[in-house]
Amino acid sequence: MSRNVWRFCLVITVLLVAWALQSIYPPTPRDLIETFRKEAEYTDTNFNAIVERALALQQANTNQPFQNLLAAVGTSDLSKYFPSLVDEDVADQNRHILNEIQRKAASRIKLGLDLQGGTSFLVSMDTNRLANVADKAHALEQAVEVLRKRVDRFGVAEPILQPQGENRILIQLPGLSDADKESAKNTIKKAAFLEFRLVHPESDELVRQGIIEPGYELLREKRRKRDRTGEPDSQIERVYLVKKGPEKGLTGKYVERSGVFADPVTGMPKISLRFNSEGAALFADITRENVGRLLAIVLDGELYSAPRINEPILGGSCEISGDFDIREAYELANVLQNPLEAPVQLEEERSVDPSLGRDAIQSGIKASIIGAASVVVFMVVYYLFAGLVANVALLLNIIILLGVMCSLGTTLTVPGIAGIVLTIGMAVDANVLVYERIREELAAGKSVRGALASGYSKAFGTILDSNLTTLISSIILIFKGTGPVKGFGVTLTIGLIVNMFTSLVVTRLVFDWLLTRGWLKGFPMLRLIHGTKLNFMKHAKIAFAVSWSIVLIGNAYGIYRGREVLGVDFAGGDRQGIRFAQRVEVEEIRRAIRELGLGEATIQYQKDPATGHESLQITTEVGSGNKVYEGLKSRFPQAGFERISLDQVGASVGREIQTSAIVASLLAMFGILVYVAFRYEFSFAVGAVMALVHDILMTLGWFFISGRQMSAPIVAAVLTIIGFSINDTIVIFDRIREDLKLGVRGSFTDIINKALNQTLSRTIITSGTVFLATMSLYLFGGGAVNDFAFTFLVGILTGTYSSIYIASALVLWWHKGERPKIGAEVVQVQEAVAKA
């Protein structure tokens, strides 16, 4: 590396690390009340009193800082203290300002719901209602912003709203209290598709005769008749013949403000609406032209009221009266303030108790520390000083990885932590490839400088090929995965790219600097495996037959288990985790669920290996989760049941996850097939892909035999196995190709055996370090990570084995033992020289 290139790389590295550190800060959330005090642009005695009240409320209720601060503010106007945060388009300035301050106080490292607790909803829009919208993608983005304004009223820190596909929106509300969950669900589901339609002038007579004129439809206004105390005691219904479309196109999109007030006569809550200038003009025209007629107010297809137009209304405002209680009125006013252009349907709901999130954080951090420490210690012990340099690069790898994730706004989930730990393990591979190459060059008699340059040069192609093939899988995870699978794919993709930079650039910078100072005199390293001459191909046929037999047995058992192997993510349904004080027998719980009128349930007690806590896991049909939970609490009060998680997944979502998993796997293998065929020969591509098929089926076979259920994180594990396995295979294929091009003498069997022995040390070291990192996840990760880690542990062993006895063996048999075309010219020259 020349001096100018060295300086350029050093500047880039320093700037990149500095940028990453700046992106990560602050890594933990700041105190909300303290941030509120510091961010104020003006203070007075009233402001100081607000802070004092908030601190007092915080001592009584430490889990609701936003609500405490909102209560302390009361009727005070915060706009004079935070003028730069004022948004004139927002009705509730105080709530808006507090939301902005809460975002400033939040950590730059965004934690997923599985790490901090909360609730997520997956909703789909009725795209048939978007027929008049030219750009449906724009309509979906508009819906995201509308829903964001709606959920802001709940005061959660960093709500996440993301479009999913063409017509879905993922809404994550971290830290949402149980009291707000149902209200949040209702607020999100209401499209608030408000229409003002005219009632037919002869509505009563036509309804009585059963005549429905073209362009009209029957709508029912339902009201609950109330007793003297205001409580409902019966229901009355009136039917109207109403136009099918809004008059003059007057809909909720023209509403500027909405609010709640009490009827001065009845005391019942009503909703006031104020139109914008365009809507006011339309409303004035309608009321001027239709005095004496009834004007139906229709919300989401339901008739709320049909008042008579007594005179033109020119002020641009109106009222909606309905059978609301005060909570319903405020929810409706909120959604009318932020109307959607089409109805939405709730397809999936997931909730995690904050205490479970804290356990996940603790177990995730513990697993990460143990996994990283095991890799760090191994590298220092085995590669000595060079291992220390690799560990410095590994530290920078993690810093840059987190910096990129923070700058992109990526949410860190439990599978994301798994991705980081896996990245730590796989980061070793590139360094091992370089160091083993340097060892070979030194053994060939080269100087330290020459061995260093040659080692990096020869390892570059292998590192590039192995990382690119792994990237194929990780990128497909991003585009085809959902939820935690996508998060894992993002983490792994960023990690692989950063790995290449730190292993090829950062470590080279350090070694070149030491060389120029004259401080690097040698490359001392331990060597456990050297000069092996194992005949791997001798046992290839037996190994091939045995492994495929195990594949058949394992997957046949999976078929025998049937739908039992499919978790909620695939089959759909309601899955809930319940904490308990006293254990209840499974059969008693099953009997109680049957008495509730529900079908068969999957019930099992699970022990978290990381925390040692046991929980009850119950899976029932879609929409039955709350009924089951309340029924069990009532039936077994002594058990002290407390729900800590709830996943409600519709059958359509489950089918889509299955489809996306299959498509992602096929696309990954096709991409790898094309790339390997381009870089090597078609026979090598076939061997690589068949080894991947073997690894997937072998891993699934052991997974089924272990009695586990398929879930979304398992899809991530399987696709990661594809990446790991092809990485190992490519390293071996690269050495086979190199030996062929060098014209190494011997049969093709001899060359393959030689390449396998040459890469044996690297294979054991890389697989061993990844195995150590993943084992820490399995033993200490807990929760969903345990299934992921188990799957990947099997995949590591299977992938290492298949690179030898499936991929390499198939290439050998494809050519019937004859040398392929690679390096044929060199062999011809050697033969010509020998004859001469």
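Is Arg 708 buried or exposed, and what is its relative accessible area? Arg 708 is buried, with a relative accessible area of 16%, where buried denotes under 20% relative accessible area, exposed over 50%, and partly exposed the range in between (1.4 Å probe, protein chains only).

The model is predicted, so that local features require pLDDT of at least 70 and side-chain atom pairs count only at pLDDT 80 or more, whereas totals for chains, interfaces and linings use all residues. Residues are numbered from 1 along each chain as its sequence is written, and side-chain values use heavy atoms, with hydrogens and water left out.

The secondary structure comprises 26 helices and 18 strands, assigned as DSSP runs (H or I, at least four residues, for helices; E, at least two, for strands) and numbered from the N terminus. Of the 836 residues in the chain, 54% are buried.

Strand β13 (residues 344-352) is mostly covered, with seven of its nine residues buried. Strand β2 (residues 118-125) pairs with β13 in the antiparallel sense over eight bridges, pairing being assigned if DSSP finds at least two bridges between two strands. In this pairing Val 123 stands opposite Leu 346. Strand β18 (residues 642-649) is also an antiparallel partner of β13, over five bridges, and Ser 351 stands opposite Leu 646 in β18.

The largest nonpolar core contains 73 residues, and Val 676, Phe 684 and Phe 733 are among those with the most contacts inside it. Such a core is a set of buried Ala, Val, Leu, Ile, Met, Phe, Trp, Tyr and Cys residues joined through side-chain atoms within 4.5 Å. Helix α22 (residues 712-741) supplies the largest share of this core, 15 residues.

Glu 440 is partly exposed at 28% relative accessibility, whereas Arg 735 is buried at 8%. A further salt bridge joins Asp 465 and Arg 737 (3.7 Å, N to O); Asp 465 is buried, with a relative accessible area of 0%. Arg 708 itself forms a salt bridge with Asp 787, the closest N and O atoms being 2.4 Å apart. Asp 787 lies in helix α25 (residues 783-814) and Arg 708 in the loop between α21 (682-705) and α22.

Note on methods. A salt bridge is a side-chain nitrogen of Lys or Arg within 4 Å of a carboxyl oxygen of Asp or Glu.
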